[in-house]
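Please look over the sequence and the model first, and then read the points below.

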Amino acid sequence: MSTEPRLAEVAEPEPAQQAAPGTDQAVKETLEDYTLRFAPRSYRRWTPMVVATTALGGIAYMADFSIGAGIGLAHGTGNALLAIAVAAVVIFVTGFPLAYYGARYNIDLDLITRGSGFGYFGSVLTSVIFASFTFIFFALEGSIMAQGLKLGLGLPLWLGYLVSTLMVIPLVIYGMTALSKLQVWTTPIWLLLMVGPLVYLVATDPGTVDRFLAYAGTDGDGGINTASVLLGAGVCLSLIAQIGEQIDYLRFMPPKTEENKRIWWTAVVMAGPGWVVLGALKQAIGVFLAVYIIAEVGASAAPEPIQQFKGAFDAMMPSWLVVPLAVVLVVISQIKINVTNAYSGSLAWTNSFTRVTRRYPGRMVFVLVNLGFALALMEADMFSFLNGILGFYSNCAIAWVVTVATDIGINKYLLKLSPHAPEFRRGMLYAVNPVGVVAFVAASGLSIALYFHALGDTLQPYSPVAAAVIAFVLTPLMAVVTKGRYYLRRTDDGIAEPLLDEDGNPSAVTYECHVCRQQFERPDVAACRTHDAVVCSLCLSTDKVGDHVLPAAV
């Protein structure tokens, strides 16, 4: 018979030991949006479609138009469209298991990564990768907004960068509650301003379609070229980490039941991997508008979304209305995505810092850190070397996302070597799991070497393919070699109540944390090592001496 700690029900706790410094602050702040922890059923009061609409609101970013334009101008329309399609398929396939896991078990991508091959500290690597994604794309969107403010208001770019950075701070403070309202109310306006010009140009000047399809690009002859397609796909695949931002919203999905399963699945697919459908369409529109601008204005302005839409608006409305509408479109788009970038980036930084230092400094500290990195990139004029940054970054992002998706799809469901139920709590996981860490490091390392021509010019365009294939092969191979032994440090968390209810959803039974005296639902707590009580996941993370952390199972 097991002698491990076990609670049949909520126990009457003994007087709590001294809480870690900052615990009260951490608990109060994280209860708005459940930073670093499981999102409980009591908080998830939104309908599936409200969650989906909020998640898709972040897809309003203008970077897709620049990315599509850059690929199209370099490689031609045919290669650009194929590159966009290839990347979209990869992003959809890898995003599906991640979105399902986040929505089903109500945890963000970092918590998913911990239990899907990386371990408690191993996923710090990927948290930094994700945080980098958020400030790179914040900087990109901020640059686009600064271009709009310069055109519309005459602001110098350096001041536009500062304005675009500071204006999101008030919006991102309040977490999911404020973000859901912002995204729902601004989405119809954004859609009208984005789609209207395209429809008008195609309807009134069919020749724009012919010029678009025939455009050969500056580096090609109009024919389809494998290297060009793969180079373009590599740039598009830098967006693969966007699924992390989608999951930051999808984790607030209500429980899946027989009654709501159809609308639940629709929302998860649409707002999870389905984001890439809209993203790919925007990239294709970016190619179209760039080709149109080349014919009307010249190539120098073609990659800039503000110039693309200014040119399109010029064709359909009075001149006095063109610039204001173009600026409104850019500003709305920038706000919609950059509140998400700032929010998700702060979660990723905070998560890593708290685990490494066992101290919670407050999420707003890392909102400012993320914005500082983004502002530095903007002032360094990252927009001028956009494709180079994204092409390099995509190798790391692909290696991470493919590793986690493979662990869920193959190691959990096919090989059954990875635990099916999600696990993210300290004490339950090994510090590092070689399955995901080895696969990720090998895939990203080799693909980056390819990207920088270390293995020759011929193989350089294949770096994103290498990242995906190596991660896909090594993840199950490492699970087989290690026999799955490094996933769980222990299988019993000391609580008799099942982790999942009869519908397979996380249990809503509540317990009081022995340290912070707050109520938390079953998946967010574990038995205390030194008391007949339970401790929440955040208090476990900030336990500097490990008094509350359960020992490894013998």
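L446, L455, L459, Y462, V465, V469, F472 and V473 make a nonpolar surface patch of about 660 Å². This is a predicted model, in which local features need pLDDT of at least 70 and side-chain atom pairs count only at pLDDT 80 or more, while totals for chains, interfaces and linings use all residues. Residues are numbered from 1 along each chain as its sequence is written, and side-chain values use heavy atoms, with hydrogens and water left out.

- Patches are made of residues with over 30% relative accessible area and no salt bridge; nonpolar side chains (Val, Leu, Ile, Met, Phe, Trp, Tyr) are joined within 5 Å, and like charges within 9 Å.
- Accessible areas come from the Shrake-Rupley method with a 1.4 Å probe, and for residues only the protein chains shown count as cover.
- Helix α20 (residues 463-482) gives the largest share of the patch, four residues; helices (H or I, at least four residues) and strands (E, at least two) are DSSP runs, numbered from the N terminus.
- Y462 is placed in the loop between α19 (434-451) and α20.
- With 32% relative accessibility, Y462 counts as partly exposed; buried means under 20% relative accessible area, exposed over 50%, and partly exposed in between (1.4 Å probe, protein chains only).

**The loop between α19 and α20**

- H453 also lies in the loop between α19 and α20.
- The phi of H453 is near 65°, a positive value in a residue other than glycine.
- H453 is partly exposed, its relative accessible area being 41%.

**Salt bridges**

- Side chains of opposite charge can pair when their charged atoms come close.
- The whole structure holds 11 salt bridges, each being a side-chain nitrogen of Lys or Arg within 4 Å of a carboxyl oxygen of Asp or Glu.
- One of them joins D64 and K282, whose closest N and O atoms are 3.4 Å apart.
- Because D64 lies in helix α3 (residues 63-75) and K282 in helix α14 (residues 275-296), this pair ties together parts that are 218 residues apart in sequence.
- D64 counts as buried at 0% relative accessibility, and K282 counts as buried at 0% as well.
- D205 and R211 meet through their side chains in a salt bridge of 3.5 Å, N to O.
- D205 is partly exposed at 30% relative accessibility, and R211 is partly exposed at 36%.
- In the salt bridge between E258 and K261, the closest N and O atoms are 3.2 Å apart.
- E258 counts as exposed, at 58% relative accessibility, whereas K261 is partly exposed, with a relative accessible area of 37%.
- A network of salt bridges links E423, R425, D493 and R522.

**Helix α17**

- Helix α17 (residues 363-379) has 17 residues, which at 1.5 Å a residue should span 24 Å; its end C-alpha atoms are 25 Å apart, in agreement.
- The expected span of a helix is 1.5 Å times one less than its number of residues.
- Which residues of α17 are buried? They are R363, F366, V367, N370, L371, A374 and M378.
- Just after α17, D381 has a positive phi of about 60°.

**Aromatic pairs**

- A search of the whole structure finds 22 aromatic pairs.
- Among them, Y120 and F121 form an edge-to-face pair, 5.0 Å centre to centre with 80° between the planes.
- Rings of Phe, Tyr and Trp (its six-membered ring) pair if their centres lie within 6.5 Å; planes under 30 degrees apart count as stacked, over 60 as edge-to-face and the rest as tilted.
- Y120 is buried at 3% relative accessibility, whereas F121 is partly exposed, with a relative accessible area of 30%.
- F212 and F288 have ring centres 5.5 Å apart and planes at 65°, so this pair is edge-to-face.
- The pair links distant parts of the chain, with F212 in helix α10 (residues 207-214) and F288 in helix α14, 76 residues apart.
- F212 and F288 are both buried.
- One aromatic cluster is formed by F130, F133, F137, Y393 and W400.
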